[in-house]
Amino acid sequence: MKKGKKYVAALEKVDSNKFYTIEEASKLVKETSTVKFDATVDASFNLNVDPKQADQAIRGTLILPHGNGKSVKVLAVTDKVDAAKEAGADYAGGKEILEKIQKENWFDFDVMVATPNMMGEIGKLGRVLGPKGLMPNPKTGTVTMDIAKAVKEIKAGKVEYRVDKEANMHVSFARVSFDAKKIAENLQALVDAVIKARPASVKGTYVKNAVVHTTMGPAIHITFEGR
């Protein structure tokens, strides 16, 4: 497949044999964006873990210092409707809103949060919500008694990270329009979270590969302590 001129020019700026610091990569990722729109900045990790082992199926959340630049629509399924709406939920309701999902195939939201008392009803939609990654989970803070706090955190830039079956992890953590300092601070927060999640059972190298890249931009290898 032939590469475009812009991509080739961007690729020439990146030394594929070099491991860049977080600060260097954050500057370079802005310079190597080849698209006209405000591209997302993503980080991809390949970890030395076995996701089949319960203690190595890494999953968690963090609040990025500057958000990831994405506007997130939040649906709160709760009996605390007023509190959820005051906290910034785009939609809030109880059984009636679950019926809307079931009967109308309605999915005009990005994240679902819920109070524990609603999980019995939500569980009935597991086959629909699960494949779309919309099922609330206590591990990610989307099932909680403090529904207002959950909504506020998501709106403030809370993102989820998790390894897939091949031990890879992909997280969108910024936009090209962010200045390099904000990109670096968000990336550092993400790296810190990944390092902190290291399972005690993992020996030797933990992060086998780590790169940052924009939409359709070249991969930039990064280095950091704790790999």
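The structure is a predicted model, in which local features need pLDDT of at least 70 and side-chain atom pairs count only at pLDDT 80 or more, whereas totals for chains, interfaces and linings use all residues. Residues are numbered from 1 along each chain as its sequence is written, and side-chain values use heavy atoms, with hydrogens and water left out.

Within helix 7, the residues I147, A148, A150, V151 and I154 are buried, where buried denotes a relative accessible area under 20%, exposed one over 50% and partly exposed the range in between, for a 1.4 Å probe and protein chains only. Seen down the axis of helix 7, these buried residues fall within an arc of 165°, so they line one face of the helix; the arc is that of the directions from the helix axis to the C-beta atoms. The cover over the buried residues of helix 7 includes strand 3, helix 3 (81–86), strand 5 and strand 6, with contact taken as heavy atoms within 4.5 Å.

K158 lies in strand 6 and is buried, its relative accessible area being 16%. The side chain of K158 reaches the backbone oxygen of T140 at 3.3 Å, a polar contact being a pair of N or O atoms within 3.5 Å of which, within protein, one must be able to donate a hydrogen and the other to accept it, while residues adjacent in sequence count only if both atoms are side-chain atoms. When neighbours within four places in sequence are left aside, K158 is in contact with T61, L62, I63, T140, G141 and E153. In the loop between strand 6 and strand 7 lies A167, which has a positive phi of about 70° although it is not a glycine, and which counts as buried at 4% relative accessibility.

In helix 4 (residues 95–104), I97, L98 and I101 are buried. They cover an arc of only 105° around the axis, which puts them on the same side of helix 4, whereas Q102, K103 and E104 are exposed on the other side of this helix. The buried residues of helix 4 pack against strand 3 (74–77), strand 4 (91–93), strand 5 and helix 5 (119–123). Helix 4 is followed by N105, placed in the loop between helix 4 and strand 5; N105 has a positive phi near 55°, in a residue other than glycine, and counts as exposed at 57% relative accessibility.

The largest pocket holds about 940 Å³ of space. Of the 37 residues that line this pocket, the closest to its centre are D110, V111, G133, V159 and E160. Strand 2 (59–63), strand 5 (111–114), helix 7, strand 6 (158–162) and strand 7 (168–175) each supply at least two residues of the lining. On a 1 Å grid over the protein atoms alone, a pocket is an open set of points where a 1.4 Å probe fits, with protein on both sides within 12 Å along at least five of seven lines, and lining residues have an atom within 4 Å of a point; grid points are joined across faces, edges and corners, and the volume is the space filled by probe spheres set on the points.

Technical notes
Helices (H or I, at least four residues) and strands (E, at least two) are DSSP runs, numbered from the N terminus.
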